[in-house]
Amino acid sequence: MFDDVLRRLKDRLLAPVAHLLGAHVAPNMVTVIAFVVGMAAACAAARSLTGWSVGLWLANRVLDGFDGTQARVHEMQSDFGGYLDILLDFIVYAAIPLALSVANPTLAFAGAVLQATFFVNAASWMYLAAVLERRQAGAATTGELTTVTMPPGVVAGTETIILFTLMLAWPAARSTLFWTMSALVGVNVVQRLWWARRHLGD
């Protein structure tokens, strides 16, 4: 919901770091490092290492934000880089709830529902994004900083960071947070379906 504004703020904050590192650091290398750190966060969560899991998850998010800044500052954006970024992000997004369910098997059903909502949500925004790109109404037209347009929803990147951080840091609230996030992601799907019905026609 706040991603577009915060993405521009993030770029302003991280641009000096990108300039300091120079163009010899490939954005895709940062993306892969972010992925490794994110999977380490999931491993820590599965072993109930709360502090480690939170720290590694937040490091993953910073690195995930930095790859795009690095690409833009040094004009190294590529379609493959955008594709790799979102693919590895989705693996980490799936791994964190799975790891928490491994740490506490009583969360298995709530975790499965959450993963199901992620799956449907991904279809809802990715296919809509593809249609909008085909209609020349994509990221280039809207001025978004992403490779393809990302139709807004109640839960996007910023909200995911907040909710996952709470899940990792607050074991007693995980079940409630799983169900809350599932409901909010479900709202995303309905919201986009309603928008598509009104704007894309029959």
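**Helix packing**

A: H7 and H8 are roughly antiparallel to each other, because the angle between them is over 145 degrees. This is a predicted model.

Q: What angle do H7 and H8 pack at, and how far apart are their axes?
A: Helix H7 (residues 157-169) and helix H8 (residues 174-200) pack at about 160°, with axes 9 Å apart. The crossing of H7 past H8 is left-handed.

Q: Which residues meet there?
A: From H7, Thr160, Leu163, Phe164, Leu166, Met167 and Leu168. They meet Arg174, Leu177, Phe178 and Met181 in H8. By type, the residues of that contact divide into 8 nonpolar, 1 polar and 1 charged.

Q: Switching topic. How confident is the predictor in this protein?
A: The average pLDDT is 91, and 96% of the residues score at least 70.

Q: Where is confidence lowest, and where is it highest?
A: Lowest in helix H6 (residues 139-142), with a mean of 74. Highest in H2, at 98.

Q: OK, H2 then. How do H2 and H3 cross?
A: The axes of H2 (residues 27-46) and H3 (residues 50-73) come within 8 Å and cross at roughly 165°. That makes H2 roughly antiparallel to H3. The crossing of the two is left-handed.

Q: What's in that contact?
A: On the H2 side, residues including Pro27, Val30, Ile33, Phe35, Val37 and Ala41. On the H3 side, residues including Trp52, Leu56, Trp57, Leu63, Phe66 and Gln70. The residues of the H2 contact with H3 divide into 17 nonpolar, 5 polar and 2 charged.

Q: And H3 with H4, what are the angle and the axis distance?
A: About 165°, with the axes of H3 and H4 12 Å apart. So H3 is roughly antiparallel to H4. H3 passes H4 in a left-handed crossing.

Q: Which residues of H3 and H4 meet?
A: Trp57, Asn60, Arg61, Asp64 and Asp67 in H3 meet Asp85, Asp89, Val92, Tyr93 and Ile96 in H4. The residues in this contact of H3 with H4 split into 4 nonpolar, 1 polar and 5 charged.

Q: Where does His74 sit?
A: In the loop between H3 and H4 (79-103).

Q: What does the His74 side chain reach?
A: The backbone oxygen of Ala18, at 2.8 Å.

Q: Which residues does His74 touch?
A: Leaving out residues up to four places away in sequence, His74 touches Ala18, His19, Gly22 and Ala23.

Methods. Residues numbered from 1 in each chain as written. Predicted model: local features only at pLDDT ≥ 70, side-chain atom pairs only at ≥ 80, totals over all residues. Heavy atoms only, no water. Axes fitted to C-alpha atoms, helices over the stretch in contact; angles between N-to-C directions. Helix = DSSP H or I, 4+ residues; strand = E, 2+ residues; numbered from the N terminus. Parallel < 35°, antiparallel > 145°, perpendicular 65-115°, else oblique. Left-handed = near helix turned anticlockwise from the far one by under 90°. Contact = heavy atoms within 4.5 Å. Nonpolar A, V, L, I, M, F, W, Y, C, P; charged D, E, K, R; others polar. pLDDT = per-residue confidence, 0-100. Polar contact = N/O pair within 3.5 Å; in protein donor to acceptor, adjacent residues only side chain to side chain.
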